[in-house]
Amino acid sequence: MSVAFAPEAVITEATGGQVLHAYGDEVRVYLDGAQTEGRLVVFTALTPPGGGPPPHYHENEDEWFFVVAGDFEFLAGGEWRPVGVHGAVFAPRLSVHAYRNVGATPGRLLIHAAPAGFEIFFAESAAEFAKSERPDRTRLVEIGLAHGIHFV
């Protein structure tokens with residue numbers, strides 16, 4: 001088999017990547033669409049107790065989650081279900097999903113979305129959150145819709 005182009009591996013160190021703050025989470029993007037030819041994005045989310053995004057679905061991305069630390073519940077199939085350390089969740093595009101930290105300490109998730117693009121939505125949302133302690137919810141919905149993310 002002949003390969004016309006052999007892409008290079010990409011490495012991001014533990015303290016590398018872009019750090020963003022939105023929806024109460026601190027997200028560190030380790031691999032983004034520019035680094036993966038648009039194939040995927042990989043990031044972690046540090047979520048405070050009681051934190052997590054509102055229920056939503058993606059038109060474009062499949063998403064999976066791996067609990068690195070903490071106690072979480074995930075909304076899947078219309079039910080909140082506990083998922084502990086080393087538990088995994090797959091949320092295919094168009095499925096309504098969310099997570100929340102039900103523990104007493106911050107929790108950490110490893111998250112993968114494919115194809116890439118979610119990191120752009122999150123960066124635009126982070127910019128809106130940076131404007132004020134109370135971001136414009138209408139603007140956040142507009143940002144979501146522009147990226148095929150619908151809050152329900």
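Reply: Happy to. A word on terms before the count: a cavity here is a set of grid points where a 1.4 Å probe fits but cannot get out. The model is a predicted one.

Me: OK, how many cavities of 30 Å³ or more does the count come to?

Reply: By that rule, one cavity of 30 Å³ or more.

Me: And how much space lies in the largest cavity?

Reply: About 170 Å³. There are 20 residues lining the largest cavity, and P53, H56, Y99, F118 and F122 are the closest to its centre.

Me: Which elements supply at least two residues each of that lining?

Reply: Those are β2, β3, β5, β9 (98-101), α1 and β11 (149-151). Helix α1 has the largest share of the lining, with three residues.

Me: What's the lining like by class?

Reply: For the largest cavity, 16 of the lining residues are nonpolar, two are polar and two are charged.

Me: Switching to pockets: what volume does the largest pocket have?

Reply: About 250 Å³. Its lining is made up of Y23, P54, F129, E133, R134, P135, R137, L140, V141 and F151. Helix α2 (residues 137-146) gives the most to that lining, three residues.

Me: How many charged residues are in there?

Reply: Three charged, along with seven nonpolar and no polar residues.

Me: What about the second largest pocket?

Reply: The second largest pocket has a volume of about 170 Å³. Among the residues lining the second largest pocket are P7, E8, V10, L31, Q35, R39 and L40. By class, that lining has six nonpolar, two polar and three charged residues.

Me: Now the fold. What order do the strands of the six-stranded sheet have?

Reply: The order is β1-β2-β3-β10-β5-β8, in an open sheet with antiparallel pairing. At the edges are β1 (18-22) and β8 (88-91), each of which pairs on one side only. On average, neighbouring strands in this sheet are turned by 25° against each other, direction ignored.

Me: Which helix packs on the sheet?

Reply: Helix α1 (residues 118-131) does, touching β1, β2 (25-31), β3 (41-47), β5 and β10 (107-114). The direction of α1 makes about 60° with that of β1.

Key
Residues are numbered from 1 along each chain as its sequence is written. This is a predicted model: local features need pLDDT of at least 70, side-chain atom pairs count only at pLDDT 80 or more; totals for chains, interfaces and linings use all residues. Side-chain values use heavy atoms; hydrogens and water are left out. Two strands pair if DSSP finds at least two bridges between them. Helices (H or I, at least four residues) and strands (E, at least two) are DSSP runs, numbered from the N terminus. Axes are lines fitted to C-alpha atoms, for helices over the stretch in contact, and angles run from 0 to 180 degrees between N-to-C directions. Contact means heavy atoms within 4.5 Å. On a 1 Å grid over the protein atoms alone, a cavity is a set of points where a 1.4 Å probe fits but cannot get out, and a pocket is an open set with protein on both sides within 12 Å along at least five of seven lines; lining residues have an atom within 4 Å of a point. Grid points are joined across faces, edges and corners, and a volume is the space filled by probe spheres set on the points. Ala, Val, Leu, Ile, Met, Phe, Trp, Tyr, Cys and Pro count as nonpolar, Asp, Glu, Lys and Arg as charged, and the others, Gly among them, as polar.
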